Amino acid sequence: MCTNFQQRRPLSSSRDANEPKPPMPPSKLLFRALKQGLSFRPIISAFRGQSLRKLFRQSPEELVLAIIILCALSGISVYVIYTYFKYFQSRQFTRFPPQIAKSLRRALYYSNYAPDPKLALKYYKLALQQCSEAGLDPFSDEVMGVKIQLAAWFEKIGSYKNSIEVLESLLRDCRKWIEVMEKSVRDGLVDKSGSLAGTPKPQGSTTEGDSESEKDTQPENLWAKRSRILGKSVGISVKLGELLADDHVLQGDSAGQHLIWAVETVLKELQRRQTQGVKEGEGDWMTPEQIGGALEALGNHYESKSLYYLAAPLFLQAITLSPPNSCHTAVLMNNLAISLAQQPVDASPDPSQIPQAAGSTVAARPSRSSLLASARSWALQAQATAQKVQGEDRTDECDEACAVALCNLGDIAAMAGDKDEARRRFEESLTLSRKIAFAPGATQAQEGLQRVSTKPSQGST
């Protein structure tokens, strides 16, 4: 039996060798093709010493062109990989669960890279639904950030109504949470530590080495959450004011209501912190620049309504909160200058349009000459501020502020009856505006020159 078996085995193997091999699966064929296509061995061998010299002697132009193309393709590949990991693998996605992050990546892809409004909206809605199903806090920065991003995308594609609806819904929810939290404080349901009364406090180690990590992982108490949501509400309300005042919407009254609420909330919260002190875990609330932005937004609203006597004190407060070495400070000074110059002497403020916490800033009306003198002083300060900003802080806004300041000085001089000074300022503004390609400044300067060039048949306003 052993002999027979040993004789049959080679016969069996020879027969199998003659049979055709089974076909390779398509997945393995694809993998082999990719492996061969992505192999750098031919390229490396071509650029070795002797081969490179031979190629250069044969066709130097083609070799240089090939090297340039290869370097360009390598640079593009590195940039694509870098962009992918920097954008799609950044913390704005990785802080979400994988499925939500996947939906958000697709939403932003169809928003920015391959615009498709239907698919973008589909994945935004899916991401919000997944956030709700995953039990994420609807008032966390992550979830609110998705809604704010959705509103920004609606604004980008021109759907202002939907953008406003998203922000108004989010603002209502935030204000409702704040009202419930403050009522709980009044009812004694929140203790001094910012936790619900009767809730056991977590006991943790207090060693020196773990102190930093404990601060990072310490849960947010109710006072800290209120501070964060209140600041977010102010920003949303300011944005709503800007959207409602847009030329595509033109709901000025609603815009004013949102902006007044934002400023009143800012001032009331500052007053509360001064009188009651900062609560445990509350921390900082809004930066001076953010508070100044809310004041500036309301000032711009009043200026658009020709309510200059209400805009001026808001611009003045915004200037005090703005960094001195900033181009935007010069813009605020220009706004204040024109608000002072345009004020009618007999204006009487409407109490319903003054923020409650800022009503005391409206004082007795000054004379026309003192208003023009103050306006000229602020316009000169705007010009000086814009000129002294240097380095990384200097932007195009500085040059534009200089041009606007010169134009404002021309307007103020024309109002004061000094046409020669007005003409000189307008010409300087026109020259600078053309130099920096600032079309609005050039237009305003030309209009000013036309006004001062007419014969004095009518009195200046």
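Throughout this report, a residue is called buried when its relative accessible area is under 20%, exposed when that area is over 50%, and partly exposed in between (1.4 Å probe, protein chains only). Helices (H or I, at least four residues) and strands (E, at least two) are DSSP runs, numbered from the N terminus.

This is a predicted model, in which local features need pLDDT of at least 70 and side-chain atom pairs count only at pLDDT 80 or more, while totals for chains, interfaces and linings use all residues. Residues are numbered from 1 along each chain as its sequence is written, and side-chain values use heavy atoms, with hydrogens and water left out.

## The chain as a whole

Let us start with the overall picture. The chain has 20 helices and zero strands. Of its 461 residues, 36% count as buried. The accessible surface comes to about 28,500 Å², and carbon and sulfur atoms hold 56% of it; such areas come from the Shrake-Rupley method with a 1.4 Å probe, and for residues only the protein chains shown count as cover. A contact here means heavy atoms within 4.5 Å. Among contacts with a separation of 6 or more, 64% join residues 24 or more positions apart.

Helix 19 covers residues 419-435, which makes 17 residues, and it reaches 24 Å from its first C-alpha to its last, close to the expected 24 Å. That expected span is 1.5 Å times one less than the number of residues.

The buried residues of helix 19 are Glu421, Ala422, Arg425, Phe426, Ser429, Leu430 and Ser433. They lie on the same side of helix 19 because they cover an arc of only 165° around the axis, the arc being that of the directions from the helix axis to the C-beta atoms. An α-helix has 3.6 residues a turn, so residues three or four places apart point the same way.

The opposite face, turned away from the buried side, carries the exposed residues Asp420, Thr431, Arg434 and Lys435. Cover for the buried residues comes from elements including helix 17 (368-388), helix 18 (396-415) and helix 20 (439-453). Just after helix 19, Ala437 takes a positive phi of about 60°.

## Salt bridges

A salt bridge is counted when a side-chain nitrogen of Lys or Arg is within 4 Å of a carboxyl oxygen of Asp or Glu. A search of the whole structure finds 19 of them.

| Pair | Closest N and O atoms |
|---|---|
| Glu182 and Arg226 | 3.0 Å |
| Glu269 and Arg226 | 3.1 Å |
| Arg425 and Glu421 | 2.9 Å |

Glu182 forms a salt bridge with Arg226. Glu182 belongs to helix 10 (residues 160-186) and Arg226 to helix 12 (residues 222-244), so this pair ties together parts that are 44 residues apart in sequence. Glu182 is partly exposed at 27% relative accessibility, whereas Arg226 is buried at 4%.

Glu269 also forms a salt bridge with Arg226. Glu269 sits in helix 13 (residues 252-276) and Arg226 in helix 12, so the pair ties together parts that are 43 residues apart in sequence. Glu269 counts as buried, at 3% relative accessibility. A network of salt bridges links Glu182, Arg226, Glu269, Arg272, Arg273 and Glu282.

Back in helix 19, Arg425 and Glu421 are four residues apart, about one turn of the helix. Both Arg425 and Glu421 are buried.

Helix 13 has 25 residues and reaches 36 Å from its first C-alpha to its last, close to the 36 Å expected. Gly277 follows helix 13 with a positive phi near 85°.

Asp284 is found in the loop between helix 13 and helix 14 (288-304), and it is exposed at 78% relative accessibility. Asp284 and Ala224 are 60 residues apart in sequence and 9.1 Å apart in space, C-alpha to C-alpha. Not counting residues up to four places away in sequence, Asp284 touches Ser227 and Arg273.

Lys225 is found in helix 12 and is buried at 14% relative accessibility.
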